[in-house]
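Here's a quick walk through a structure, from its pocket to its cores and a hairpin. Have the 3D view open as you read.

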Amino acid sequence: MITQEEVYRIGKLGKAHGVKGEVTFHFDDDVFDRMDADFLIVETEGILVPFFIEEYRFRSDSTAIMKFEGVDSQDRARELTGCDVFFLRRLADSDEDNLSWAEIVGYSLIDAATHACIGRIASVDDTTINVLFCLEDGRLIPASEDFITRVDTDQREIEIELPQGLLEL
């Protein structure tokens, strides 16, 4: 059985596309293409299930039309609408120096000065030039490389040295 700790979210399935079982895939990380993946993990009814990729084609930089093996009708594709899509961490092409923003969701942010946990990363806002870690409690922390002192992929932690007083704002 695949657990949440073994995967990270890379996108979400959208509407059925056509009548042969294709589905729109909105992705945040194109690791499935970089790694020439055979399958993706889809969360259906709270269970992480591998779906083998039959074929796909890109529509844009963040959207693909995906065809999974065994999904051969529009009705079956509709059942997948809105499902989150994940990728196995152990198959990703990254290391501690080269992580995608999608991979670090769920990591703990650790204060380098006190070694205390600041919070867990719920998402990353990279829509502006100043990238932010969005913590589960709603706080926003700058994700500047200048502040990051250590990344531990085994412990799923990012140690960060923040300017004095930033956490008190």
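## The pocket

In this predicted model, the largest pocket comes out at a volume of about 400 Å³. Its lining is made up of 20 residues, and if you want to find the centre, look for Arg9, Asp28, Trp101, Ala102 and Val105, which lie nearest to it. Strand 1 (7-17) and strand 8 (117-125) are the elements that give two or more residues to that lining.

What sort of residues line the largest pocket, by class? There are nine charged, seven nonpolar and four polar ones.

## The nonpolar cores

The largest nonpolar core holds 24 residues, and Ile10, Leu13, Phe25, Leu40 and Phe68 are the ones with the most contacts inside it.

Leaving aside residues up to four places away in sequence, Phe68 touches Leu13, Val23, Leu40, Val42, Phe51, Phe52, Ile53, Glu54 and Leu80.

## The hairpin

Now for strand 11 (residues 148-152) and strand 12 (residues 157-160), which pair in the antiparallel sense over four bridges.

Together strand 11 and strand 12 form a hairpin, with four residues between them. In the turn you'll find Arg156, with a positive phi of about 55°.

Notes
Residues are numbered from 1 along each chain as its sequence is written. This is a predicted model: local features need pLDDT of at least 70, side-chain atom pairs count only at pLDDT 80 or more; totals for chains, interfaces and linings use all residues. Side-chain values use heavy atoms; hydrogens and water are left out. On a 1 Å grid over the protein atoms alone, a cavity is a set of points where a 1.4 Å probe fits but cannot get out, and a pocket is an open set with protein on both sides within 12 Å along at least five of seven lines; lining residues have an atom within 4 Å of a point. Grid points are joined across faces, edges and corners, and a volume is the space filled by probe spheres set on the points. Ala, Val, Leu, Ile, Met, Phe, Trp, Tyr, Cys and Pro count as nonpolar, Asp, Glu, Lys and Arg as charged, and the others, Gly among them, as polar. A nonpolar core is a set of buried Ala, Val, Leu, Ile, Met, Phe, Trp, Tyr and Cys residues joined through side-chain atoms within 4.5 Å. Buried means under 20% relative accessible area, exposed over 50%, partly exposed in between (1.4 Å probe, protein chains only). Contact means heavy atoms within 4.5 Å. Two strands pair if DSSP finds at least two bridges between them.
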